[in-house]
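Thanks for coming, everyone. I would like to walk you through one structure today, going from a single side chain to the pairs of charges and then to a pocket.

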Amino acid sequence: MDKPQILIHIEKSMNYTLFDAKWIPCSAKFVVLGNYARGTGALQVYQVAHGGIELVHECEKGKGFKCATFGASSLQQRYVATGDLQGKLQIWNLDSTELPIYSVQAHEKIINSIDGVGGLGIGEGAPELVTAGRDGCVKVWDPRQKDKPVAIMEPNEGETKRDCWTVAFGHACNPHDRCVAAGYDNGDVKLFDLRKMSLRWETNVNNGVCCVEFDRKDINMNKLAVTTLESSIHVFDMRTQHPEKGFSSVSEKAHKSTVWLARHLPQNRDIFTTGGGNGSLHVWKYNYPSNRVVKDSNDIELGVAGTVSLLQNATLSTQPISSFDWSPDKQGLAVCTSFDQTLRVVIVTKLNTA
């Protein structure tokens, strides 16, 4: 019992497909998004209260929602940005959801993933959103600029357009630097440098990439978690880039199924969870090596990857876990959704001693 324990605090069955859930910063509320069987979008706000959850607000929109983030909003406004199944990027004031405060046709088809930076006091520089689409494009948006993205990363003419499944911001450690990591259905992982507007690094992890996430967005790149089809987890040490070998990494097999997501604990960047296609949740800890850098035979610095240890695991559902979000305010509190149409509030204990 010295290990962290994964406890289901609240379970609630829903009448729509759940795609994403996010805590509203500085509150005991979270927003849940998905798709009704009739093809319309579900957006609900719940509050944790008296050992249960209460529905605070709900609305139904024209198209199903796929993903959401608060990352580009201020703590005062706490606007949520959403990507839908028809390629539309919208920003909502949750106090008044009749009309979006920002709306743009971001992609030709479904928006698979969205991330934000520059808001919530996290990361320096402009508030920006990044979206990944089935059309193979990665686009960066500034909500203060209407209609047009500030950057587009897309295949060159004649290249095959791969479905981009996941994107994440990182390296927003000063007003000038910023990177975007993207993962594709063929196993490609690409790192775009937004300051230089260039492809900084790419590799292939042999299976479709379901999730990429930096352990922190607002520091010099430290670690990047990558999860894939067929049970693989990769953690790249992003501090040292070798000109030929790139970034070093450690790999693990987990879940005996697709690893849908990885989410780092806000209060400790070395602890992260992964969610599996078999409905299981794993809690991991990254252990740094004694030396993170060595010199190769040509006296060029080469990164050294650490190890990953499993702290705890539990099966929450019979269906894949579609989203997981740690509370930024209460360590160990999380909300997750799965394709059994069930919403769960989860508590993970003893993370401060892990």
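Predicted model: local features only at pLDDT ≥ 70, side-chain atom pairs only at ≥ 80, totals over all residues.

Let me start with the side chain of Glu213, where a polar atom lies 2.7 Å from the backbone nitrogen of His264; a polar contact here is a pair of N or O atoms within 3.5 Å, where within protein one must be able to donate a hydrogen and the other to accept it, and residues adjacent in sequence count only if both atoms are side-chain atoms. Residues are numbered from 1 along each chain as its sequence is written, and side-chain values use heavy atoms, with hydrogens and water left out.

Glu213 is found in strand S18, residues 209-214, strands (E, at least two residues) being DSSP runs numbered from the N terminus. Glu213 has a relative accessible area of 19% and is therefore buried, on a scale where buried means under 20%, exposed over 50%, and partly exposed in between, with a 1.4 Å probe and protein chains only. Not counting residues up to four places away in sequence, Glu213 touches, among others, Ala168, Lys223 and His264, contact meaning heavy atoms within 4.5 Å.

Lys223 brings me to the salt bridges, each a side-chain nitrogen of Lys or Arg within 4 Å of a carboxyl oxygen of Asp or Glu. The side chain of Lys223 meets that of Asp270 in such a bridge, at 2.7 Å from N to O. Because Lys223 lies in strand S19 (residues 223-228) and Asp270 in strand S23 (residues 268-276), the pair ties together parts that are 47 residues apart in sequence. Lys223 counts as buried at 1% relative accessibility, and Asp270 is buried too, with a relative accessible area of 16%.

How many salt bridges does a search of the whole structure find? The search finds 15, and one of them joins Arg344 to Glu11, with the closest N and O atoms 2.8 Å apart. That pair links distant parts of the chain, since Arg344 sits in strand S30 (residues 342-348) and Glu11 in strand S1 (residues 6-13), 333 residues apart. Another salt bridge is formed by the side chains of Lys22 and Asp20, at 3.0 Å from N to O, and both Lys22 and Asp20 are buried.

Met14 lies in the loop between S1 and strand S2 (17-23), and counts as buried at 9% relative accessibility. Met14 and Asp340 are 326 residues apart in sequence, yet 8.9 Å apart in space, C-alpha to C-alpha. Leaving aside neighbours within four places in sequence, Met14 is in contact with Gln44, Tyr46, Gln341 and Leu343.

Finally, the lining of the second largest pocket: its largest share, four residues, comes from S16.
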